[in-house]
Amino acid sequence: MRTIVLPPFWSLVEAHGDELLVHARRLAGDAHGEDVVQEALLRALRAYPRLRHADHLRAWLYRITTTTAMDHHRRRAREVLTDDPPAAAAEPDHYDDAFEELIAGLPDTAQAALRLRFVDDLDYAGVAHALGISPEAARQRVSTAIRALRAQGVAA
Amino acid sequence: MTLSQSLLDRLASAAVAEGLADAVYTRLPTPIGTLTVVQGPRGVVRVGFEREPVDALLAEVAAGLGPRIVASDRELAATRAALEAYFEGTDETLELPVDFSLVRSAFRRDALEELRHVGAGQVVTYGELARRIDHPRAARAIGTACATNPVPIVVPCHRVLPGSGGVGNYGGGPEIKRRLLAHEGALPA
């Protein structure tokens, strides 16, 4: 069995925590960024000993943060339906709301690819790392998503 | 935009509460410099002097206990309080649970366990400590056990002196050894 050496978890938190917070706030809104990062890092800690290699740990953390933010969106969407729609809908987020609205009709995997490519401005290698897929698959996923948006008449 | 201390505290406490932390560490300013104190589920596993790089020290702990290491002053409040009481001189017993996971041999572990019985204000020679664990000719090996002690101060290797006089060597440097002994009123003339 191969022995892998993972760095102490807190050194990852210190090295990447700040940028993960930026990422989480872009995806989930300023008011929810901290909650998302905390939950994402806790998820990461749960999974950490099961990692099979110590490569791309930053991208791995981005991926978990992205997934956590998406779950957060879903939870909030449910809350909007059940609790207090006007207050939640009127919450003053920022310009990303327009982007989110634009991509809301797409499958989650397509939304995640678009956020990573255009909100986080990652190149295809970065999108690929973040989603755990090959760069070619990342490129394809983004272009398929853009085609879908065009078909909806929302993208040029 | 940076992670707030309160978020980091909440994260570390949630990790500990859920049993996810292999070890927790804290940095504690003391009269002999800032110590790094690392605690596993069974007790204090590593104490580092200021001159030891924290990264290397945590990597050493990760190799022994696992990589899920978090930082929290709050989770180690009791340990910090015991060390603060020691340095303030209000309570020098340092009766903290110790985890000898990072000690590489049974002999060294026996030596360090025995050393815990040497209280503040007392000193012992390498040879005497060797006799106490029934290895009377192993004074040099005792020296190695002390030199590689992963939990200095809590396991008081500063109280072990050469039979030939002087304070001898110390992981934190002889000057810190002298200061600890002076603090305990046990500095040899």
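Me: Why is A:R43 called partly exposed?

Reply: Its relative accessibility is 24%. Buried means under 20% relative accessible area and exposed means over 50%, with partly exposed in between (1.4 Å probe, protein chains only). A:R43, at 24%, falls in between, so partly exposed is the label.

Me: What kind of model is this?

Reply: It is a predicted model, where local features need pLDDT of at least 70, side-chain atom pairs count only at pLDDT 80 or more, and totals for chains, interfaces and linings use all residues. Residues are numbered from 1 along each chain as its sequence is written, chains are lettered from A and ligands numbered from 1 in the order in which they are written, and side-chain values use heavy atoms, leaving out hydrogens and water.

Me: What makes A:E39 and A:R43 a salt bridge?

Reply: Their side chains meet at 3.2 Å, N to O. The rule asks for a side-chain nitrogen of Lys or Arg within 4 Å of a carboxyl oxygen of Asp or Glu. The 3.2 Å of A:E39 and A:R43 is within that limit, so the pair counts. Both residues lie in helix 2 (residues 33-47) of chain A. They are 4 residues apart, about one turn of the helix. A:E39 is partly exposed at 27% relative accessibility.

Me: Which residue in helix 3 of chain A does A:R43 also pair with?

Reply: A:D71, by a salt bridge at 3.0 Å, N to O. This pair links distant parts of the chain, from helix 2 to helix 3 of chain A, 28 residues apart. A:D71 has a relative accessible area of 21%, so this residue is partly exposed. Salt bridges that share partners join A:E39, A:R43, A:R46, A:D71 and B:E18 into one network.

Me: How do you know that A:R58 and A:E19 form a salt bridge?

Reply: Their closest N and O atoms are 3.0 Å apart. A:R58 is in helix 3 (residues 57-82) of chain A and A:E19 in helix 1 (residues 9-28) of chain A, so the pair ties together parts that are 39 residues apart in sequence. A:R58 is partly exposed at 40%. A:E19 is partly exposed too, at 23%. Over all chains, the count comes to 16 salt bridges.

Me: Why can such side chains pair at all?

Reply: Side chains of opposite charge can pair when their charged atoms come close.

Me: Why is B:R80 called buried?

Reply: B:R80 has a relative accessible area of 15%, which is under 20%, so buried is the label. B:R80 lies in helix 3 (residues 77-88) of chain B. Beyond four places in sequence, it touches B:T26, B:R27, B:L28, B:P29 and B:D73 (contact means heavy atoms within 4.5 Å).

Me: How many residues of chain A and chain B are in contact?

Reply: 21 residues of chain A contact 22 residues of chain B. The two chains bury about 2,000 Å² between them. Of that area, 72% is on carbon and sulfur atoms. Buried area is the accessible area (1.4 Å probe) that two parts lose on being put together, summed over both. Across this interface the rule finds 2 salt bridges. B:R10 and A:E34 meet in a salt bridge at 3.6 Å, N to O.

Me: What makes up chain A, helices or strands?

Reply: Chain A has 8 helices and 0 strands. Helices (H or I, at least four residues) and strands (E, at least two) are DSSP runs, numbered from the N terminus. Buried residues make up 42% of the 156 residues in chain A. Among contacts in chain A between residues at least 6 apart in sequence, 63% join residues at least 24 apart.

Me: Where is confidence lowest in chain A?

Reply: In helix 4 (residues 85-89) of chain A, at a mean of 42. Helix 2 of chain A is highest, at 96. These are pLDDT values, the predictor's confidence in each residue, from 0 to 100. Chain A averages 81, and 81% of the residues score at least 70. Over residues 84-95 of chain A, pLDDT stays under 50. For that stretch the model has 14 contacts beyond four places in sequence.
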